[in-house]
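Colleague: I am new to this structure and would like to go through it with you, one question at a time. Could you show it to me before we start?

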Amino acid sequence: MSKDYKALAGEVDARAALPQPGALPGRPARPRLVPPKDVPTRSPFTPAGRAALLHAIAHIEFNAINLAWDAVQRFRGMPPAFYADWTRVAEDEARHFVLLDTRLRELGHRYGDFDAHDGLWEMARKTAHDCLARMALVPRVLEARGLDVTPAMIARLRAGGDAVTADILEVILREEVAHVAIGSRWFAWCCERAGLAPQPTFIALLREHASGAVRGPFNRAARAAAGFGADEMAALDALDASVLRARPV
Ligand SMILES: [Fe+2]
Ligand SMILES: [Fe+2]
């Protein structure tokens, strides 16, 4: 195992003729996948709600492990640093998953106990054909959303007296900034290769595929550290305002 990891991290053959990965990676029989509206509620103020919240985040991390390895295996002909970056992300995501699953077990549950939805993998399917679109829409939209919502989650957990889980989310938040930055790095690289300007390209992809996933308030400091430019933040603000206007009161 450690030998395989080393090969992927540092000595990968970017042009190796591997079979393309299938549409779906392996996953355990549980959790059961249901439509997003049927996922259990997650108040951090009750033990059951806290467990459901932890489970939902563990499910995101589980998908993130698969997404990182999918990037390594699917996109060919990238520089070695691309594979090293996404291998490092996969290792982080596996550690995040174990932290959350361990905490879940302390609360009397384990991964698979609650229903979950498949929204993250939907975006993986949509972007399977194009590394540029994957880098824009997975790390820079979905993982970046985690940067926005996690601080409030940490505050609610602390208010509810669960400092242990809050501390785990602090670690995850810090490390996710680096993942989004890796997305920014390789998105810019793909844009340069294609002769496209990164910011307008990102904004166009966002409007086309992910305008519904944009919700403020944004974690501006974390997004700036992860490579979001002023034009991109202005576009996010405009999309958030239009979603707010369209939302029923
Ligand atoms: Fe993570
Ligand atoms: Fe991540």
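Colleague: Are α4 and α5 roughly parallel or roughly antiparallel to each other?

Modeller: This is a predicted model, and the reasoning starts from the axes of helix α4 (residues 119-126) and α5, which come within 9 Å and cross at roughly 155 degrees. Angles over 145 degrees count as roughly antiparallel. The two helices, α4 and α5, are therefore roughly antiparallel to each other.

Colleague: How many charged residues does the contact of α4 with α5 have?

Modeller: The crossing of α4 and α5 is right-handed, and the contact is made by Leu120, Met123 and Ala124 on the side of α4, with Leu137, Val138 and Leu142 on the side of α5. By class, the contact of α4 with α5 has 6 nonpolar residues and no polar ones, and the number of charged residues is likewise none.

Colleague: Which residue just after α5 takes a positive phi?

Modeller: Most residues other than glycine have a negative phi. Just after α5, a positive phi of about 90 degrees is found, and the residue that takes this value is glycine 161.

Colleague: Is the crossing of α5 and α6 left-handed or right-handed?

Modeller: The axes of α5 and α6 come within 8 Å and cross at roughly 160 degrees, and α5 and α6 are therefore roughly antiparallel to each other. As for the residues involved, the contact of α5 with α6 has 23 nonpolar, 6 polar and 5 charged ones. The handedness of the crossing of α5 and α6 is left-handed.

Colleague: How many nonpolar residues are there in the contact of α3 with α6?

Modeller: Helix α3 (residues 80-106) and helix α6 (residues 163-194) have axes that come within 10 Å and cross at roughly 165 degrees, and α3 and α6 are therefore roughly antiparallel to each other. Among the residues that make the contact are Phe82, Val89 and Leu99 of α3, along with Ile168, Ile172 and Trp186 of α6. When the residues of the contact of α3 with α6 are divided by class, 3 are polar, 4 are charged, and the nonpolar ones number 9.

Colleague: Is the peptide bond from arginine 30 to proline 31 cis or trans?

Modeller: Most peptide bonds are trans. Proline 31 has its place in the loop between α1 (2-10) and α2 (47-74). With omega near 10 degrees, the peptide bond from arginine 30 to proline 31 is cis.

How values were computed
Residues are numbered from 1 along each chain as its sequence is written. Chains are lettered from A and ligands numbered from 1 in the order in which they are written. This is a predicted model: local features need pLDDT of at least 70, side-chain atom pairs count only at pLDDT 80 or more; totals for chains, interfaces and linings use all residues. Helices (H or I, at least four residues) and strands (E, at least two) are DSSP runs, numbered from the N terminus. Axes are lines fitted to C-alpha atoms, for helices over the stretch in contact, and angles run from 0 to 180 degrees between N-to-C directions. Angles under 35 degrees count as roughly parallel, over 145 as roughly antiparallel, 65 to 115 as roughly perpendicular and the rest as oblique. Two residues are in contact if their C-beta atoms, placed from the backbone, lie within 7 Å. Ala, Val, Leu, Ile, Met, Phe, Trp, Tyr, Cys and Pro count as nonpolar, Asp, Glu, Lys and Arg as charged, and the others, Gly among them, as polar. A crossing is left-handed if the near helix is turned anticlockwise from the far one by less than a right angle, and right-handed if clockwise.
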